[in-house]
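Open the model in your viewer and keep the selection tool ready. We will go stop by stop.

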Amino acid sequence: RARDATMACSPLVSAAWLSARLAAASVKGGAGGAISNVNVRDIESAVRVLDASWYLPTMKRNGREEYEERRIPTAAFFDIDETDDQSGLPHMLPSEKFFSSTMDRLGIRPCDHVVCYDGHGIFSAPRAWWLLRAFGHEKVSVLDGGLPAWLADGHTIETGEPTSFPANAASDSYAAKLQSELVCTLNQMRANIVTGKSSHFSPFF
């Protein structure tokens, strides 16, 4: 269940919580009620929103196209298909350098509270949540119910040109550090099968 408390970073946050946080982040309303200008770089820590929509081919949906059509205000698009620079297999862990450069390009700082959502509800957003946690980002949550919950509650939608954030300056450069205790290797999984028990597990929260 999503928690509305602001003192701790819950793995789930509600649409009402996110809406209130965005409204408090020095936003200015644009044409048609869309939020078009966010002055979040002047505060120590900001809530940043990532649209991590990804769909199976059989679902016949395109996450990036849907993002470009409409999105939660200030959201950036996190392309799950473009997160791996080390393997010929899909959706594997990227290198620390590659993940850091992705966060820098999106303007996400280590101090930011990142909220991930997707257009299905809760489908692909947890993948982005896991990647951030696996690379040491402490403040990251999934939007409970995703975009459908946001729309059902009647919150503002941004259309047209997405809100742009400047890339991180050198002083805010993202330094990802893989938390190896949160990842199992193939050899560790093989050992689990042989022993019949898990020898490598660490809770995320």
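**Stop 1: the paired strands**

Select strand E4 (residues 47-51) and strand E7 (residues 113-117): they pair in the parallel sense over five bridges. Strands pair here if DSSP finds at least two bridges between them. Helices (H or I, at least four residues) and strands (E, at least two) are DSSP runs, numbered from the N terminus. This is a predicted model: local features need pLDDT of at least 70, side-chain atom pairs count only at pLDDT 80 or more, and totals for chains, interfaces and linings use all residues. Residues are numbered from 1 along each chain as its sequence is written, and side-chain values use heavy atoms, with hydrogens and water left out.

Now pick Leu 50. Its bridge partner in E7 is Cys 116. Then pick Val 49, which stands opposite Val 115 in E7.

**Stop 2: inside E7**

Stay on E7. Are its residues buried or exposed? Five of its five residues are buried (under 20% relative accessible area; exposed is over 50%, partly exposed in between; 1.4 Å probe, protein chains only). Show the side chains. His 113, Val 115 and Tyr 117 point one way, while Val 114 and Cys 116 point the other way. In a regular strand the side chains alternate between the two faces of the sheet.

**Stop 3: the whole sheet**

Five strands form an open sheet in the order E1-E8-E7-E4-E6, with parallel pairing. Strand E1 (12-13) and strand E6 (76-77) stand at the edges with a single partner strand each, so one side of each has no neighbour in the sheet.

E7 also pairs with E8, in the parallel sense, over three bridges. Here Cys 116 stands opposite Val 142 in E8.

**Stop 4: helix H1**

Select H1 (residues 15-24). Ala 15, Trp 17, Leu 18 and Leu 22 are buried. They share one side of H1, because they cover an arc of only 160° around the axis (taken from the directions from the helix axis to the C-beta atoms). On the other side of H1, Ala 23 and Ala 24 are exposed.

**Stop 5: Arg 64**

Finish in helix H2 (residues 63-69), where Arg 64 lies. Arg 64 counts as partly exposed because its relative accessibility is 38%. Which residue's side chain does the Arg 64 side chain meet in a polar contact? Asp 79, at 3.3 Å. A polar contact is a pair of N or O atoms within 3.5 Å; within protein, one must be able to donate a hydrogen and the other to accept it, and residues adjacent in sequence count only if both atoms are side-chain atoms.
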